[in-house]
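Please keep the sequence and the model in view while reading.

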Amino acid sequence: MDMQPIPAREGKHNLKDYHNARKNFDWEQVKRKFSWYETGKVNAAYETIDRHAENPSKKNQVALSYSAPDREEELTFEQLKNQSNQFANVLKKHGIEKGDRVFLFMPRSPEFYASFFGVLKVGAIAGPLFEAFMEQAVRDRLQDSEATMLITTPDLLYRVPQEDLPDLKKIVLVGDKVEASERYIDYFAEMKQASEDFAIEWVDLEDGMILHYTSGSTGKPKGVYHVHNAMIQHYATGEWVLDLQENDIYWCTADPGWVTGTSYGIFAPWLHGVTNVIRGGRFTPESWYGTVDKYNVTVWYTAPTALRKLVSAGEDVANQFDMSSLRHLLSVGEPLNPEVITWGVKALDLRIHDTWWMTETGAMLICNYPTMDIRPGSMGKPIPGVEASIVDNEGNELPPYQMGNLAIKKGWPSMMRAIWKNPGKYDSYFVNGWYVSGDSAYKDEDGYFWFQGRLDDVINTSGERVGPFEVESKLIEHEAVAEAGVIGKPDPERGEIIKAFITLNEGYEATDELLEDIRVFVKTGLSAHAAPREIEIKDTIPKTRSGKIMRRLLKSWELGLPTGDTSTLEE
Ligand code: PRX
């Protein structure tokens, strides 16, 4: 769609800094903002929280403003420092050391954030898991990472298959009435006894900080390994793209189980010392508008799915709330529809700034800054210090308007450093010095990038990344299912929905009850967002002669498109 560019709005933003940043850019300039640049003592938890807690004019500022349907709480920088110190002491007492993997499997809460920083402060690697994960999803991640400790709530414990997790030695339970034992640690009881002083474990910039598991088109979810060095880019993009300023009230809607919820739900805002609104509970247009209104949110980072829901909720809902505190609005995770941008200007009098990046990239790479004209439908331009291009399969750059692989020149600060225990997989991302994203896109003559789709079979449903292999593997565990092929089917609200094609085992009838039973089986085994919304029964699932499911062919059938080259199809 061709739409008029929406010009930058001078006056509201830190335009000067951004323009300066682009001139003779060098990441060294950003490093000077950190205390370790002078002291040599590195730990992202220190830069994010303690540095502000040690500043007399900042320590009593609210760092975390938490609200859930049943709870509201505020923590200052000093309180967050003290609580994370206490938790670091608990971890140390129970033998956690530098480099150990400690996973967090619980809903957003003040305890989540205190624990998270405690893990970083002992030099361990944090593995945040989305609270909606069911047994299989939890098993895969804890097994692969060989996590020795898990922090969870008593309610979620039934989804942790402890008998399959020989490395998991201790479980911290955050809840009332915990029965402590050699294996189970009572969070609140131990926190009460723990000292608020802790000597942070100083690390190297290249030491591990976070493992985020994410899906590809084949195999189990892979552990994307990020190091402390990533803070450099979290800080820089917090300044240039989120445009964070001293008195901002910032809200990122993403859960820390996803990378957006750590890079931009934890690091970027707190590195800049702003008040961070954290909201638990389910999404409704009322609760989201209401959060901006109640907390006077000034900068809001959210996702197209949520914005589309706000659009469809209509003006009557919007008019019940005062959104005038909002200065800056951004989006990530899936294509941002030009119509939604038009809505934003009309309904909120704000431009919506699309940003592009991935779990693997650790931080934003291609963005619409406050300072540039937005071309609706474009993801924007590379941030300072990042070189992006469109390349062919050999890593040769393509001219403007030619579609190809969206690729980034290796070497940005927040780049993943490994795929956990899978060096071959890591190497496969890089071609001719370029990190190849798996997204197809083109570039226009002014350097704006335009997203076209995924080049592999990865599904993006409501901004959440789902690997078809994981869903297929779960489906065939159901006693009625013989074979399964899973695709993303375009959907106006969710971007894509998951559609499964299955064949049934001998003796099973295709009834609505059976299909529902299969759906629930995936939902309760894996997670709700991975459960297929549509299931269609087939006589056979198309496969190559080597046995690979031809998802592309399933998709062409579904969309009524030409089937292309089927020469590898099994007889
Ligand atoms: O296909 C792209 C899509 O989300 C993928 C990355 O997903 P994930 O690792 O879960 O990270 C999401 C949040 C950083 C990308 O390969 N994607 C992300 N941002 C955009 C996008 N697609 C279109 N437009 C975007 N702005």
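**A guided reading of the model**

The largest nonpolar core has 156 residues, and among these Val102, Leu150 and Leu365 touch the most other members. A nonpolar core is a set of buried Ala, Val, Leu, Ile, Met, Phe, Trp, Tyr and Cys residues joined through C-beta atoms within 7 Å. A residue is buried if 20 or more other C-beta atoms lie within 10 Å of its own, exposed if 12 or fewer, and partly exposed in between, with C-beta atoms placed from the backbone. In soluble globular proteins, nonpolar side chains tend to be buried together.

The model is predicted: local features need pLDDT of at least 70 and side-chain atom pairs count only at pLDDT 80 or more, while totals for chains, interfaces and linings use all residues. Residues are numbered from 1 along each chain as its sequence is written.

Which residues does Leu150 touch? Not counting residues up to four places away in sequence, Leu150 touches Phe103, Phe105, Leu142, Val160, Leu168 and Ile171; contact requires C-beta atoms, placed from the backbone, within 7 Å. Strand β5 covers residues 149-152, and from it Leu150 and Thr152 point one way, Met149 and Ile151 the other, all of them buried. Helices (H or I, at least four residues) and strands (E, at least two) are DSSP runs, numbered from the N terminus.

Strand β5 has pairing partners, where pairing means that DSSP finds at least two bridges between two strands. With strand β3 (residues 101-105), β5 pairs in the parallel sense over 4 bridges, and Leu104 stands opposite Ile151. Strand β6 (residues 170-173) also runs parallel to β5, joined by 4 bridges; here Thr152 has Leu173 as its bridge partner.

The loop between α7 (135-145) and β5 holds Glu146. Its phi is near 50 degrees, a positive value in a residue other than glycine. Most residues other than glycine have a negative phi, and most peptide bonds are trans. Glu146 counts as partly exposed because it has 14 C-beta neighbours inside 10 Å. Asp349, in the loop between α14 (338-348) and β14, also has a positive phi, near 55 degrees. Asp349 has 11 C-beta neighbours inside 10 Å and therefore counts as exposed.

Attention now turns to the ligand. Of the 21 residues around the ligand, Trp356, Met358, Thr359, Phe451 and Arg465 come nearest; a residue is near a molecule if its C-beta atom, placed from the backbone, lies within 6 Å of it. Two or more residues of this shell come from each of α10 (259-271), β14 (352-356), β21 (434-443) and β22 (449-454). The shell has 8 nonpolar, 8 polar and 5 charged residues. In this grouping, Ala, Val, Leu, Ile, Met, Phe, Trp, Tyr, Cys and Pro count as nonpolar, Asp, Glu, Lys and Arg as charged, and the others, Gly among them, as polar.

Helix α17 (residues 512-525) contains Phe521. Is Phe521 buried or partly exposed? Phe521 has 18 C-beta neighbours inside 10 Å, so it counts as partly exposed.

Finally, the unreviewed UniProt entry lists "domain: AMP-binding enzyme C-terminal" for residues 470-548. This span is 25% helix and 32% strand, and its end C-alpha atoms lie 14 Å apart. UniProt positions are given in the numbering used here, feature names are shortened, and annotations may be inferred rather than shown by experiment.

Note on methods:
Contact = placed C-beta atoms within 7 Å.
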